[in-house]
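Thanks for making the time, everyone.

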Amino acid sequence: MDKKIIYKKNDINNFIKFIINKNKSLNIKVEKEVEKIFYNIRTKGDTALFNYAKKFDRCKLNSKNIKINKNTIKSCAKKCPKDITNALLFSASRIKKFHLHQIPKNYKYKDNKGVVLGSEWKSLSSVGVYVPGGTATYPSSILMNTIPAKIAGVKKVVMVIPQKDLRLNPIIAKAAEIAGIDMIYRVGGAHSIAALAWGTKSIEKVDKIVGPGNIYVTIAKKKIYGDVGIDMIAGPSEILVVSDKKNNPNWIAADLLSQAEHDVNSRSILITNDLVFAKNVLQSINMILKRLPRSKIASESWKKNGKIIILKNLFNSHTIINQLAPEHLELALDKPEKIFNKVENAGSVFLGRYTPEAIGDYVAGPNHVLPTGRTARFSSGLGV
């Protein structure tokens with residue numbers, strides 16, 4: 001039996017316990033570095049901000065070139081390829097349509113004592129969106145983090161993004177234009193989080209910071225919470241797929257790797273009731289990894305964190321699902337509602353054989369900023 005496949009009750013229980021009890025303490029060394037960055041931003045402002053941009057991104061910034069206004073965004077967006085522009089517009093329309101359903105309603109009533117009571121919803125004044133700019137380009141993150149804020153009526157939405165030079169990627173510019181970003185700052189990292197939270201001469205402080213980032217950004221957001229709001233403490237991506245043998249093993253393998261390629265610490269788990277199918281999926285994963293552009297990352301992720309669980313009855317998988325509370329859950333089988341109706345903890349759920357998780361990252365409509373690390377037990381995805 002391949003070590004990736006487990007079927008004995010004790011092995012399954014031990015694997016679940018391992019995930020639940022996994023050490024979630026943040027890197028102490030990184031925490032100390034973030035605290036130092038915070039101190040310098042608070043005491044030296046722009047000077048520290050520009051020094052960190054030069055140190056980490058090798059980008060020479062000053063008070064004039066750090067800002068990218070709406071006119072510059074619009075001009076740069078014109079260079080975006082037409083097919084990508086159309087894809088971004090399509091995605092944005094679906095994200096907007098879904099999130100419009102989330103607008104909460106005000107209410108007012110008079111109780112039996114004649115006292116009038118009620119609740120009225122107001123939007124935040126300002127939001128800062130963090131967009132990664134290191135290992136890949138993430139226009140979808142701009143749409144997902146900004147459109148709900150605009151629907152809510154947030155007056156000012158700004159974006160920070162690390163850049164190696166002063167050239168703005170036209171795809172990023174187009175996504176920012178479509179989403180309605182008011183200003184882009186050419187800076188990222190923990191120092192940009194501190195600048196958004198407390199403000200510097202060049203960057204105005206905001207009320208809430210959203211968006212994914214590396215461990216420095218994650219720790220910075222955790223430490224800054226209280227001075228500003230945040231969306232969540234986002235960890236590595238996760239996917240749990242429940243599949244019977246009727247599915248194409250190549251498709252299931254691709255779905256598992258769709259998250260494994262994000263980060264070496266991402267977790268991909270398959271629950272199935274057929275050993276032959278499990279082995280076929282394993283074989284497909286090994287074949288796909290040979291030609292995947294981000295093969296090195298996906299391979300390490302699958303090697304470290306990938307697992308296939310064999311259950312006799314897939315309709316009992318809800319017990320494992322609710323314990324693991326996965327960020328992404330695929331129920332790729334007939335009558336997925338039979339399991340879904342018993343699912344209590346999951347970030348986003350994909351029902352049926354032809355609903356791959358990847359559409360949720362881009363065009364389905366629901367937000368892809370989701371709770372990770374079992375936090376779906378008490379939190380939900382980003383929304384209005």
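Let me begin with Lys-335, which is found in the loop between strand S13 (328-332) and helix H14 (337-340), where helices (H or I, at least four residues) and strands (E, at least two) are DSSP runs numbered from the N terminus. Before going further, please keep in mind that this is a predicted model, in which local features need pLDDT of at least 70 and side-chain atom pairs count only at pLDDT 80 or more, while totals for chains, interfaces and linings use all residues. Residues are numbered from 1 along each chain as its sequence is written, and side-chain values use heavy atoms, with hydrogens and water left out.

Back to Lys-335: its phi is near 50°, a positive value in a residue other than glycine, and with a relative accessible area of 61% Lys-335 is exposed. For that term, buried means under 20% relative accessible area, exposed means over 50%, and partly exposed lies in between, with a 1.4 Å probe and protein chains only. Arg-374 also is not a glycine and has a positive phi, of about 70°; Arg-374 sits in the segment after H15 and is buried, at 12% relative accessible area.

Now to the aromatic rings. A pair of aromatic rings is described by the distance of the centres and the angle of the planes. In our convention, rings of Phe, Tyr and Trp (its six-membered ring) pair if their centres lie within 6.5 Å, and planes under 30 degrees apart count as stacked, over 60 as edge-to-face and the rest as tilted. How many aromatic pairs does the structure hold? There are three aromatic pairs, and I will show two of them. In one, the ring centres of Phe-38 and Trp-198 are 5.1 Å apart and the planes stand at 85°, so this pair is edge-to-face. Because Phe-38 belongs to helix H2 (residues 28-44) and Trp-198 to helix H8 (residues 189-198), the pair ties together parts that are 160 residues apart in sequence. Phe-38 itself counts as buried, at 8% relative accessibility.

The other pair I picked is Trp-251 with Tyr-354, also edge-to-face, with 6.1 Å from centre to centre and 70° between the planes. Here Trp-251 lies in helix H10 (residues 249-260) and Tyr-354 in the loop between strand S14 (348-351) and helix H15 (358-362), so parts that are 103 residues apart in sequence are tied together. Trp-251 is partly exposed, at 48% relative accessible area, whereas Tyr-354 is exposed, at 66%.

Lys-4 lies over the face of Trp-302, at 5.3 Å from the ring centre, and Lys-338 lies over the face of Phe-315, at 4.4 Å from the ring centre.

Asp-244 is placed in the loop between strand S10 (238-243) and H10, and is buried, with a relative accessible area of 12%.

Finally, the second largest pocket, where a pocket is an open set of points on a 1 Å grid over the protein atoms alone at which a 1.4 Å probe fits, with protein on both sides within 12 Å along at least five of seven lines, and lining residues have an atom within 4 Å of a point. Its volume is about 420 Å³, taken as the space filled by probe spheres set on the points, with grid points joined across faces, edges and corners. Of the 18 lining residues, the closest to the centre of this pocket are Ser-123, Leu-124, Ala-152, Gly-383 and Val-384. Helix H6 (139-152) and strand S8 (208-210) are the elements that give two or more residues to the lining, with the largest share, five residues, coming from H6. Val-384, in the segment after H15, is partly exposed, with a relative accessible area of 31%.

Key: Lys NZ or Arg CZ within 6 Å of the ring centre and 35° of its normal.
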